[in-house]
Amino acid sequence: MAHNDHGSHDGGEHHHEADSLVTYVQRSAPSRRAFIKGVIASGAAVSAAGYLFRAPGTGAAQAQPAAGTVERLVTLNVNGQSRRVDVVPNETLAHTIRYKLGLTGTKLGCDHGECGACTVMVDGDAIYSCSTLTHSVRGRKITTIEGIEGPNGQLHKVQAAFVAELGPQCGFCTSGQVVSAVALLNHNPHPTVEEARLAMSGNLCRCGAYDHYLRGVMRAAGEA
Amino acid sequence: MATKLIGQNFVPHDVVAKVTGRAKYAEDFRADGMVFAKLLSSPMPHAKIRHIDTSEALKMPGVVGILSADDVPAFPPPQTPILAKDEVFYVGEPILAVAAVDEQSAADAIEKIKIDFEQLPHVLDPLDSLYPGGPNARLSGNVAAALINMQTVKWQASDFADDKVLPMGKPAETWSYGDIDAGFKDAKLIIDESFVTAGYSNHSMEPRTAMAYWQGGKCFLYGSNQSHTAAVPNIARYIGINPKDLVLIAEYCGGGFGSKIPGYPIMAVPALMSKKINRPVMMRITRLEEYAIGVARPTFQGRAKLGFAQDGRLLAADLYIVHENGPHIGAGDFRSAGNALSFMYQPKAMRFQAIPVLTNTPPRGPQRGPGENQLVPVIEPLIDKAARELGIDRVAIRKLNAPDGNSKIGGDQGPVTSAFIKEALDKGAAMFNWDERKARSGQKNGTKVTGVGIGQGYHSAGSNGFDGLLRLTPDGKLHVHTGIGNLGTYSHSATARVAAELLNVAWANVVIERGDSRLGLPWNSPQAGSLSASTESRTNYVAAMAMKAQLLDLAAQILGGSADDYEVGDEKVASKADASKSITYAQAAQKAIDLGGKYSGKEVPDDINPVTKDGVAMIAGTGLIAVAKDNLPRVGVTPGLTASFAEIELDTETGKFKILHMLTVADCGTVLHPQGLGHQIRGGNVMGIGMARLERHVYDPKLGIPAAALLYQAKPPTYLDVPAEIGFAAVELPDPQNPMGVKGVGEPPLGSGASAITTAIADAMGGHLFNRTPVSTDMILNELNGRPQAHKPLQVNSV
């Protein structure tokens with residue numbers, strides 16, 4: 001469900017209206033602190049500049065295997081498939097799925113855990129894949145935007161509702177909005193508008209298509 | 001006319017790709033042997049570059065090349081350089097790029113580059129630079145813009161006598177009409193206020209990442225761009241090649257808001273790096289880099305003196321704008337602001353003065369309604385003040401001063417094609433229950449107080465003179481070729497429906513060709529300036545008319561008689577006398593291929609743009625091709641206008657407010673696509689809320705380092721900052737100078753939405769004028785508690 005609740009910039013005026021949801025979010029979301037602890041445990045430094053990983057098998061990596069660049073072959077469960085992939089300790093899930101698994105539907109808008117364009121589900125919870133270490137999700141069920149459609153390519157009800165309500169404008173944040181909405185409805189099939197708004201609040205849209213996305217969420221919930 | 005497609009919602013052809021993640025943005029492309037480039041940017045707000053030593057970096061493992069200012073085309077200052085050469089002008093200005101097999105290697109190499117900087121004085125506030133002896137943002141001067149040569153301007157110390165009133169030294173640009181002295185003399189009420197509107201970044205969600213490679217002498221560039229064909233010549237200029245040698249692939253653009261209109265300098269870096277090292281190069285732009293190079297709205301420090309007659313008519317206006325222009329050529333917002341004031345409030349006499357001043361902050365450029373939209377949120381509360389003091393209804397005073405189709409605009413008092421803002425105000429007031437809601441103005445409920453707001457927005461919203469290109473293929477499909485780009489407004493599809501409507505083609509049989517230069521794209525307007533809906537309705541109209549004539553001609557050639565004997569019906573051309581005598585569009589397309597010449601694009605009209613000619617050449621011989629230049633008349637500016645209404649509940653204890661209700665009515669002519677209109681209005685209102693209460697540049701005054709660069713600091717609105725629902729409607733009165741009656745609407749809702757919020761805040765606070773955007777929570781709280789504000793009265797780039 002909602003992750004890293006972006007909150008209102010102006011404070012938390014809506015939080016009192018959905019206290020139970022906030023509690024849920026705080027309990028379930030992989031926090032920034034957990035992310036940083038994970039990095040420290042792996043013995044690597046995390047750079048604010050982000051996603052700076054040595055390519056596998058490059059001259060650079062071979063010539064100078066610096067701390068944090070030693071790859072390990074891991075198995076990930078992505079969209080129902082087992083994917084074996086070489087991963088360095090400080091590698092983010094966003095980097096792995098975009099650059100090693102070729103799943104480019106997940107977008108990087110900020111790479112700082114601010115915008116939500118990189119949202120994927122891990123065991124059904126929406127998380128920021130830019131702020132999640134790939135090693136930390138081994139053995140867990142990862143669902144990217146590419147795994148949201150049905151087995152025969154039929155649109156998920158959230159996707160169909162986003163088409164009907166013309167949710168996207170530029171579309172760059174849309175993958176994240178879809179995944180957040182799917183996670184919300186999995187946990188809470190009939191949210192109120194206020195609950196939906198809070199659950200979606202970790203996904204920024206600079207085009208300001210919030211109204212259309214919210215209509216999409218409520219339409220999908222109505223069909224649930 | 002009765003329409004089947006115009007005014008109806010539809011599923012745009014690219015929306016399923018967006019909701020499934022299949023839509024490919026620049027960073028989603030890969031090429032064999034692709035390497036990554038990273039930028040080295042200035043850590044200082046202003047410095048001379050004395051020496052750069054890259055020798056250690058070049059020895060680093062994995063490094064394949066370095067690109068510096070010496071490797072890229074140079075443009076005469078103050079045009080924005082691709083890479084800085086001898087002087088850097090702001091924190092984050094790109095100096096050089098390193099390419100390596102991966103980003104970590106490139107970043108490691110950047111750490112080894114030694115640059116000897118000589119730090120220079122920097123300036124963050126235009127008024128500091130205009131003060132005698134104040135610092136200049138450039139060694140060469142402190143005042144420049146397009147059409148204003150680089151110069152050094154210092155005002156007199158005596159101009160700065162009162163820190164609450166804008167000093168008004170010598171302007172760089174001025175115009176006037178009418179007798180303003182007489183107007184102020186006759187005025188019953190004069191309002192004279194100084195104001196500040198904050199600059200802030202466009203913050204496109206997709207950073208300006210690009211990937212490039214060269215093949216067969218051509219540069220293939222996968223970039224993020226609002227426009228397509230209109231951008232190609234400019235991007236080619238940055239790369240230093242002939243536009244014919246640039247293949248631009250830009251199927252999707254993750255937001256631009258004015259920052260990606262005609263291409264932008266940094267696009268040349270991966271292109272020229274690729275040429276230099278002979279490998280495909282991806283250059284991903286980080287969020288911090290996007291803040292630095294992604295364009296920002298210019299700050300205004302201004303003063304407006306408005307003289308009203310007893311009945312509320314605006315007799316005279318005197319507007320002065322000090323425009324913070326960043327360090328380079330920047331933007332022309334001051335000009336648009338002057339025009340907007342002259343048009344929106346129709347002062348009988350007006351003087352406009354402005355000076356664009358350079359600062360050591362990110363480069364300025366267009367941001368959604370550049371100039372108009374930051375002006376109205378500080379002017380509209382002044383209109384309300386006049387209404388209050390003269391005892392006039394706030395809607396009435398706006399209608400009294402509102403333009404119509406005979407009104408004039410700007411210093412040269414030129415004509416406009418139509419204006420129905422009075423109708424928009426009426427419709428909005430009715431939808432909003434203005435009379436009922438205004439009675440709640442200032443009403444208290446415990447610590448809460450109600451404020452009711454009303455705002456207006458304007459931007460020119462149409463152009464002409466571009467080309468339309470349509471193609472019917474033997475499978476019966478109508479291909480609408482469009483060069484307007486894909487900003488997410490869906491105007492590429494909404495305007496294609498004009499051609500489908502006029503040619504009676506079912507929407508399922510329409511193919512939209514766009515996003516890749518190789519598809520054969522016509523010369524179209526940039527997707528900017530609220531232009532595309534109106535402008536490409538025209539181009540698709542003229543091309544459809546040309547195709548209709550060709551179809552009638554082909555029917556006569558196949559079936560005998562003359563073209564006049566035939567008419568077009570549902571995807572066929574039939575004899576007027578005998579409907580059974582007909583050919584299908586598919587047959588016509590095959591006949592056109594057989595005949596060649598003007599029918600299949602082998603011959604084209606002389607007056608079409610060379611870009612269109614190149615595009616037609618790519619598809620000639622593949623069907624019935626109709627290409628035409630939009631030579632339809634259009635005299636004057638085509639205005640897009642909006643009226644917004646809002647009710648807020650402000651908590652006097654916390655300084656926070658909730659937007660209880662918000663709606664906007666547009667004067668955008670004929671509505672092509674209701675859902676698309678909803679997107680433009682609501683999205684504009686959301687950005688307006690950001691402008692009114694949240695977004696601003698903040699700089700460390702001593703170090704010149706940005707303090708509000710990341711999204712959580714810069715505060716673009718989230719779901720929780722805006723109402724769950726924003727109402728919208730249109731007056732639906734056609735523009736007489738567009739064949740489909742269409743005007744654009746992309747920009748005005750930002751300004752009207754922001755104004756509805758600033759006027760609502762003033763209303764809730766008993767008419768208090770902050771004369772500043774954004775109105776932050778702490779500003780409200782300081783005012784309510786009689787505490788001084790954290791910023792000096794006219795200070796900019798501050799909290």
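How many residues of domain 1 of chain A are in contact with domain 2 of chain A, and how many residues does domain 2 contribute? The first legend below takes up this point; every view is drawn from a predicted model.

**Figure 1. The contact between domain 1 and domain 2 of chain A.** Chain A is divided into domain 1, covering 21-58 + 66-147, and domain 2, covering 148-224. In this predicted model, 18 residues of domain 1 are in contact with 15 residues of domain 2. On the side of domain 1 that touches domain 2, two or more residues are given by each of strand E3 (119-122) and strand E4 (125-128) of chain A. E3(A) provides the largest share, 3 residues. By residue class, this side of domain 1 comprises 8 nonpolar, 8 polar and 2 charged residues.

**Figure 2. Strand E3 of chain A and its pairing partners, E4(A) and E5(A).** E3(A) is covered on both faces: A:Thr119 and A:Met121 lie on one side, A:Val120 and A:Val122 on the other, and all are buried. E3(A) and E4(A) run antiparallel and are joined by 4 bridges, with A:Thr119 opposite A:Tyr128 of E4(A). The two strands form a hairpin with 2 residues between them, and A:Asp123 in the turn has a positive phi of about 50 degrees. E3(A) also runs antiparallel to strand E5 (residues 141-143) of chain A, to which 2 bridges join it. Here A:Val122 stands opposite A:Ile142.

**Figure 3. The contact between chain A and chain B.** Chain A contributes 59 residues and chain B contributes 57 residues. On the side of chain A that touches chain B, at least two residues come from each of helix H3 (59-63), helix H5 (157-164), helix H6 (174-187), helix H7 (193-200) and helix H8 (210-222) of chain A. The largest share, 4 residues, belongs to H8(A). The residues on this side of chain A are 26 nonpolar, 23 polar and 10 charged.

**Figure 4. An open sheet of 4 strands in chain B, with helices packed on it.** The strand order is E22-E21-E20-E26, and the pairing is mixed. Strand E22 (510-513) and strand E26 (624-629) of chain B are the edge strands, each pairing on one side only. From one strand to the next, the twist averages 20 degrees. Strand E20 (residues 467-472) and strand E21 (residues 478-481) of chain B pair in the antiparallel sense over 4 bridges; B:Leu469 has B:His481 of E21(B) as its bridge partner. Helix H14 (residues 491-502) of chain B packs on the sheet by touching E20, E21 and E22, and its direction makes about 135 degrees with that of E22(B). Helix H15 (residues 532-559) of chain B touches E20, E21 and E26, and the direction of H15 makes about 135 degrees with that of E26(B).

**Figure 5. The largest nonpolar core.** Of its 296 residues, those touching the most other members are B:Val98, B:Ala99, B:Leu221, B:Ala499 and B:Ala543. H15(B) supplies the largest share of this core, 10 residues. Beyond its neighbours within four places in sequence, B:Leu221 is in contact with residues including B:Ala210, B:Ile235, B:Leu248 and B:Met267.

**Figure 6. Domain 1 and domain 2 of chain B.** Chain B is divided into domain 1 (18-120 + 205-293), domain 2 (299-462 + 636-784) and domain 3 (464-629). The centres of domain 1 and domain 2, taken over C-alpha atoms, are separated by 36 Å. Their contact takes 17 residues from domain 1 and 18 residues from domain 2. The side of domain 1 that touches domain 2 has 10 nonpolar, 6 polar and 1 charged.

Conventions: Residues are numbered from 1 along each chain as its sequence is written. Chains are lettered from A and ligands numbered from 1 in the order in which they are written. This is a predicted model: local features need pLDDT of at least 70, side-chain atom pairs count only at pLDDT 80 or more; totals for chains, interfaces and linings use all residues. Two residues are in contact if their C-beta atoms, placed from the backbone, lie within 7 Å. Ala, Val, Leu, Ile, Met, Phe, Trp, Tyr, Cys and Pro count as nonpolar, Asp, Glu, Lys and Arg as charged, and the others, Gly among them, as polar. Domain bounds come from an automatic or database domain assignment. Two strands pair if DSSP finds at least two bridges between them. Axes are lines fitted to C-alpha atoms, for helices over the stretch in contact, and angles run from 0 to 180 degrees between N-to-C directions. A nonpolar core is a set of buried Ala, Val, Leu, Ile, Met, Phe, Trp, Tyr and Cys residues joined through C-beta atoms within 7 Å. A residue is buried if 20 or more other C-beta atoms lie within 10 Å of its own, exposed if 12 or fewer, and partly exposed in between; C-beta atoms are placed from the backbone.
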